[in-house]
Amino acid sequence: MNLLPFGVALWLFVVGLYGIVTSRNLLHQIISLSVVQASTYVLLLAVGYRTGGAAPVFADIPTSRATVDPIVQALTLTDVVVGATVSALLLAVAVQIHKRTGTLDPENLRRRPES
Amino acid sequence: MTNIAPLPVVVPLVGAAAVLFAHLIVPRRVVQAFAMAAVLAEICLAAVLIHQVRSTSIVYWFGGWTPRGAVALGISFTVDQIGAGAALLAGVVSAAAVAVAPSTMRDPDGIVYALFLTLLAAMAGFCLTGDLFNMFVFFELMAVSAFALSAYDTRSPDALRGALNFAITNSIGAFLVLIGIALLYSSTGALNLAQIGHQLARTGLDNASTVALSLLLAGFLIKAAVIPFHFWLIDTATTAPTPLVMILAGVLDTLGVYGVARVYWTVFASPLAADHRAVQFMLVAVGAISALVAGTLSILFSDPRRRMAFVMVAHTGIVLIGVACLSARGVAGAAIYAVGDGTVKAALFIGLALIGFETAHGQRQDHDVAGSPSRTAGLAVLIVGGLATAGLPLFATGLGKASIEKAAAVAGFPWAVVAIVFAAAVTGGAVLNIASTARRATGPRRDEHACAWVPQLLVASILFGISALTTKVGTWAATAAGRFSDTLAYQQRVLSGAATSPAGIATRYATTFPWIVLDLLSVAAAIVLGSGLAQNTARRLSPSPMRSGIWTAIRRVHDGSIGDSATWVTLGTAGIALVLATTMH
């Protein structure tokens, strides 16, 4: 088993998380979240990969032919849809925040101290 | 018998589409009635399901893809009593939220009701499904609907930040769950809970599935918002509109713990049989820490919404202790407590809205109308709710708490019992204290909608009534929990269709002698704390420079920074993985 895709997935996850934690710009923070999510795409596809496997479309290949796993591809597709929804909503919120406060820096959004 | 298992999800989804269409042509009152009808239909369907699964679980295979040769190919809804009961609770709290929406939100339109319905559909699906990937999808749908609702008040930067924090932290949780699913799929080739469990029982846990276990636990605990994953909730529960917070407090948090329980009993119970002590200890510790720390903080903060947010964290900790005992007795206690306490907390948020701590208009209004009927009603709700929060045996919080305490003691965690009694006492005190300080405050009179408080008080009373009635279902919960935790029967039912024989673990219990004393002890302590006596004494006794230093640090940590929240999520996940890696063989 080739470990490279798993390493890539781990790297994307960590680097995206680092972006979320340290970011000083909401857009950057939201895109970092997309990067974290990209790690799940890579991981899912890596899990279903078969060396030498064809695309799992049996219209023009014999059903005995080895293919990569179609289930994880369906999962990835679902995951992409979920990701698009989340990003769209988050970006809409970021636009509203910019409209109300004139800033996209999360540090300026911290709650005012209270007792 | 027709199989209605998917309908509790289908009906609210269709209702959401219908509401979106209807709000273009009919007035808001009618739209609200439409939405209410869909929620009530879900409640009826969930109730029918509970009746249908009284002797054996229902398995519904989408598209007729039944297992071939005892291997699950399709996607199933696997409905048992606990799952259907959770779907019913989701419906009840959603109904309460939809009922009070017009009087507690700024002009809710069709889109708001549609979001409540998709949220309900997602919660029902999460409770009923028998497929792990399906759980992830519903988990995300819950999060997306809920955070769209929490960002509803776009005029308030605080509310928008709360929504962002909610969305980002919960999405990280969802991705952790998804990575766990991918790893489980890589080692078992299955997505159906029963199939994964069956496979792992034969092969044992490999490294990938051990990592998957810690990621799934962390992901679901982020939704449950137990310490150290609670930062998003403190922020969101302070800024979100009342109806959404009712759902958050009433069901959504608890569903995180439900996810932990479901995945543990269906997938990990058999392969972990030798090692379950490590998981048990870790989860009980997380629950006890949440109960102790969040309980203490709940009474130290003065803002009522923040207080309630910490009360939520502490109580989810108590439910987690119940599940963490990894016994049928613990599951039964957790189920009773979740229903009894969820309904009470939903009512408490109505109480806060009644006395005028509202965020609906962009900022908190502390209008005080001393002696107005709305205020009196709100104070009554807070006082009854405070006593229920502390575990007054009249309500199911008392029975649930006693059952969880007993389960913890039997499982060998007497210190967890102390944590539960303490948390119930201080959270009850925190709620009663809101009432006792609000009573003294005075302020300018506000113009009220005539009698808007009547339906709100009615809804709160119904919620209290449900909590009280739940004390009658102890035996039912014991049987249900026995079946919920019967891993083998679950797998056989799904994979080969064999009817589950009711498991032999029909735990009988009642609020009997030693436990009822603990309940009453919590209530008494809550009354003392609620009167404000204890706070004044503590203020006089403790050295103030040290106190203010720690206090500033605690407040800063809870100031709603998304980066901080993500950092704690990372640390918590790493902690869980580390504990499991070092303690399991």
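What pLDDT does chain B average, and what percentage of the residues score at least 70?

1. The structure is a predicted model. Chain B has an average pLDDT of 86, and 90% of the residues score at least 70. For the model, the scores are ipTM 0.94 and pTM 0.92.

2. Helix α4 of chain B (residues 110–128) has the highest mean pLDDT, 95, whereas helix α21 of chain B (residues 533–541) has the lowest, 64. Two stretches call for separate mention. In residues 358–369 of chain B the pLDDT is below 50, and this stretch has 34 contacts in the model beyond near neighbours in sequence. Residues 442–447 of chain B also have a pLDDT below 50, with nine contacts in the model beyond near neighbours in sequence.

3. The contact between the chains draws on 36 residues of chain B and 34 residues of chain A. On the side of chain B that touches chain A, α5 (132–150), α6 (157–188) and α23 (562–583) of chain B each supply at least two residues. The largest share, 16 residues, is that of α6(B). By residue type, this side of chain B comprises 20 nonpolar, nine polar and seven charged residues.

4. The largest nonpolar core contains 262 residues. Those with the most contacts inside this core are Ala96(B), Met123(B), Met142(B), Ala335(B) and Ile420(B). In soluble globular proteins, nonpolar side chains tend to be buried together.

5. Ile420(B) may be examined individually. Leaving aside residues up to four places away in sequence, Ile420(B) touches Ala291(B), Ile318(B), Ile321(B), Lys401(B), Ile404(B) and Glu405(B).

Technical notes
Residues are numbered from 1 along each chain as its sequence is written. Chains are lettered from A and ligands numbered from 1 in the order in which they are written. This is a predicted model: local features need pLDDT of at least 70, side-chain atom pairs count only at pLDDT 80 or more; totals for chains, interfaces and linings use all residues. pLDDT is the predictor's confidence in each residue, from 0 to 100. Helices (H or I, at least four residues) and strands (E, at least two) are DSSP runs, numbered from the N terminus. Two residues are in contact if their C-beta atoms, placed from the backbone, lie within 7 Å. Ala, Val, Leu, Ile, Met, Phe, Trp, Tyr, Cys and Pro count as nonpolar, Asp, Glu, Lys and Arg as charged, and the others, Gly among them, as polar. A nonpolar core is a set of buried Ala, Val, Leu, Ile, Met, Phe, Trp, Tyr and Cys residues joined through C-beta atoms within 7 Å. A residue is buried if 20 or more other C-beta atoms lie within 10 Å of its own, exposed if 12 or fewer, and partly exposed in between; C-beta atoms are placed from the backbone.
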